[in-house]
Amino acid sequence: MSRSGALDRIDALLGAVSDPTFTAILRGEPLSIPGTPLCAFWIVSRSTLFETFTDVSTVTTFTIRSYFRMQISQDVRESLELDLWDAAVNIDTALRSDADLAGNVSDSNVGTMATGYTDIGGVAYRTMDIPFEVEILGEVTITP
């Protein structure tokens with residue numbers, strides 16, 4: 001199992017989403033948005049799943065956030081709702097298609113989608129967040 005391999009696989013799975021087609025997949029929370037729709041992911045937390053006498057199994061939670069630029073046109077703003085829904089379903093489908101991230105984690109779980117708004121550099125964006133948890137059994141070895 002490989003943490004860097006897991007990150008590469010998440011990146012590849014998100015990059016395979018074609019509806020909507022993201023302009024970029026970024027690792028880490030962006031400071032600016034070069035184009036939309038854009039998808040980014042970053043680590044939010046890491047905790048112990050369970051512990052034995054010889055190892056510790058962990059769960060790492062990521063936030064996957066999609067950004068859609070808000071527009072003045074009511075028609076364009078209304079079309080964003082379909083884009084959000086399509087993105088939610090297609091990201092869910094992509095991530096669930098490879099639950100062990102090509103053998104780099106033990107299992108993964110897609111959480112509940114939430115939407116919101118954010119301002120970056122004076123520009124308003126509609127956002128969609130999806131929590132994504134990855135489990136690695138025996139990630140930490142305990143040496144007596």
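This is a predicted model: local features need pLDDT of at least 70, side-chain atom pairs count only at pLDDT 80 or more; totals for chains, interfaces and linings use all residues.
Residues are numbered from 1 along each chain as its sequence is written, and side-chain values use heavy atoms, with hydrogens and water left out.

**Overall layout**

The protein has two helices and six strands. Both kinds of element are DSSP runs numbered from the N terminus: helices are H or I with at least four residues, strands are E with at least two. From the N terminus on, the order is α-β-β-β-α-β-β-β. Along the principal axes, the C-alpha atoms fill a box of roughly 65 × 30 × 25 Å. Of the 144 residues, 38% are buried. Buried means under 20% relative accessible area, exposed means over 50%, and partly exposed lies in between (1.4 Å probe, protein chains only). Contact means heavy atoms within 4.5 Å. Among contacts with a separation of 6 or more, 61% come from residues 24 or more positions apart.

**Helix 1**

Helix 1 covers residues 3-15, 13 residues in total. From first C-alpha to last it reaches 18 Å, close to the 18 Å expected at 1.5 Å a residue. The expected span is 1.5 Å times one less than the number of residues. Gly5, Ala6, Ile10, Leu13 and Leu14 are buried in helix 1. They cover an arc of only 165° around the axis, so they sit on the same side of helix 1. The arc is that of the directions from the helix axis to the C-beta atoms. An α-helix has 3.6 residues a turn, so residues three or four places apart point the same way.

**Pairing with strand 6**

Strand 6 spans residues 123-141. Two strands pair if DSSP finds at least two bridges between them. The table lists partners of strand 6.

| Strand | Sense | Bridges to strand 6 |
|---|---|---|
| Strand 3 | antiparallel | 14 bridges |
| Strand 4 (residues 107-110) | antiparallel | four bridges |
| Strand 5 (residues 114-120) | antiparallel | seven bridges |

Specific bridge partners in strand 6 are valine 140 for valine 56, phenylalanine 132 for valine 110, and tyrosine 125 for threonine 118. The hairpin of strand 5 and strand 6 has two residues between the strands, and glycine 121 there takes a positive phi near 60°.

**Aromatic pair**

Rings of Phe, Tyr and Trp (its six-membered ring) pair if their centres lie within 6.5 Å; planes under 30 degrees apart count as stacked, over 60 as edge-to-face, and the rest as tilted. The count comes to two aromatic pairs. One of them joins tyrosine 67 and tyrosine 125, edge-to-face, at 6.3 Å centre to centre and 90° between the planes. The pair links distant parts of the chain: tyrosine 67 lies in strand 3 (residues 55-69), tyrosine 125 in strand 6, 58 residues apart. Tyrosine 67 is buried at a relative accessible area of 1%. Tyrosine 125 is buried too, at 5%.

**Threonine 58**

Threonine 58 is in strand 3. Its relative accessible area is 1%, so threonine 58 is buried. Its side chain makes a polar contact of 2.3 Å with the side chain of glutamate 139. A polar contact is a pair of N or O atoms within 3.5 Å; within protein, one must be able to donate a hydrogen and the other to accept it, and residues adjacent in sequence count only if both atoms are side-chain atoms. Leaving aside neighbours within four places in sequence, threonine 58 is in contact with residues including Arg46, Leu49, Val134, Ile136 and Glu139.
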